[in-house]
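Q: Got a minute to go through a strand and its partners with me? Please put the structure up.

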Amino acid sequence: MITLTPDEVRARFGRLFSMKFLAMVDQNAGLAEIREHCRARGTIEWDAANRVRAKGAVRSCHVEGTTMTMIARLGVSPANFGAAGQEIGGQALEGVEVVGDEVVTTWSGIAGAGVGVAACLPQAPGVIRAEYPTEDDLKIGGARVCRVRIVSPLYEKVTIGIDDTDTREEGATWVLALKCAEACTIPGVEYLDMRLVQLNPAVPKKTTNCVGSALNFAVRPGKVDELLEYVRDFIESEAVSNDTGIAVYRGIAFTEESPYLKRVKTELLTVDDAEAEAARMGVQFIDSTGRKGRIGALGAVLWGNKGVEAAGLYGETL
């Protein structure tokens, strides 16, 4: 086994194109979420297409701009290369394992794809070290197969839904949520993204658009409580409404799809409805008000990782 740090990989192959690598794990669900950010859209799209074709540990994959998000199974899974399942070119994620407070992902690539897994990904910010089985795996390009284990810090995923921080006269929930996320400087907490979630515009007690906000974070072990305290204090101290709701889900995916996904965009619901569904789905409320903002906060959590359709009325697609 040859072990190299990202700096040593960079010194050996030159500076390449991976700009971020991060792995989150939900051990209860047996899933990992891996996010990669690249300088070029074309390479990240090609990688995504090849990994889905190769199957391996990949369960699903999507690309937004130059960022790829993969949902993968924990454990080791066999991979197939190329359309005929032969080693004729391709790239695969073959396994995801948790070792202590680290995540070990196992990769293989052939030809140009081998450059991606052996030389590009291992030098990305967020990688601790890369482990190559043999010296041959460091001979990149051509028709060779390269294999590598990439070791990164263990994170868990936390989704936070926020609603009703504003009034008709002042404030905007999405602005406050985004300010909260961007101001977070807690070591071991990585802000991932924010999503605006269109709720039911027919709700009578609203500001104008009836939109909640979802924040996604990657969080190191032992840091979740600190993050939640920070978010609650920031949001409630800056909110201009007495109805603010804040909901939290710790995990990568829900075990089932909630009927609340449709209902929060199409029906008039009560706080009791929201609290009952949150308890059923494993969502926690951390706000101090216990008032109507909980309805939209839960909706924001449930839609917070659903894609661009979260921003539309129910049934709208781009």
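A: Start with S10 and strand S12 (residues 211–219): 7 bridges join them, and they run antiparallel. Strands here are DSSP runs of E, at least two residues, numbered from the N terminus. Two strands pair if DSSP finds at least two bridges between them.

Q: Which residue stands opposite Val 219 in S12?
A: Glu 156.

Q: Before I go on, what kind of model is this?
A: A predicted one: local features need pLDDT of at least 70, side-chain atom pairs count only at pLDDT 80 or more, and totals for chains, interfaces and linings use all residues. Residues are numbered from 1 along each chain as its sequence is written, and side-chain values use heavy atoms, with hydrogens and water left out.

Q: Is S10 buried or exposed?
A: Of its 19 residues (145–163), 16 are buried, so S10 is largely enclosed by the rest of the structure. Buried means under 20% relative accessible area, with a 1.4 Å probe and protein chains only.

Q: How does strand S13 pair with S10?
A: Antiparallel, over 6 bridges; S13 covers residues 245–250. Val 158 stands opposite Arg 250 there.

Q: And S8, how many bridges?
A: Strand S8 (residues 102–110) is joined to S10 by 9 bridges, antiparallel. Gly 109 has Cys 146 as its bridge partner in S10.

Q: What about S9?
A: S9 (residues 129–132) pairs with S10 over 3 bridges, in the antiparallel sense. Glu 131 is partnered with Arg 149.

Q: Switching to S2: parallel or antiparallel to S10?
A: Parallel, with 2 bridges joining strand S2 (residues 18–26) to S10. Ala 23 stands opposite Leu 154.

Technical notes:
Buried means under 20% relative accessible area, exposed over 50%, partly exposed in between (1.4 Å probe, protein chains only). Helices (H or I, at least four residues) and strands (E, at least two) are DSSP runs, numbered from the N terminus.
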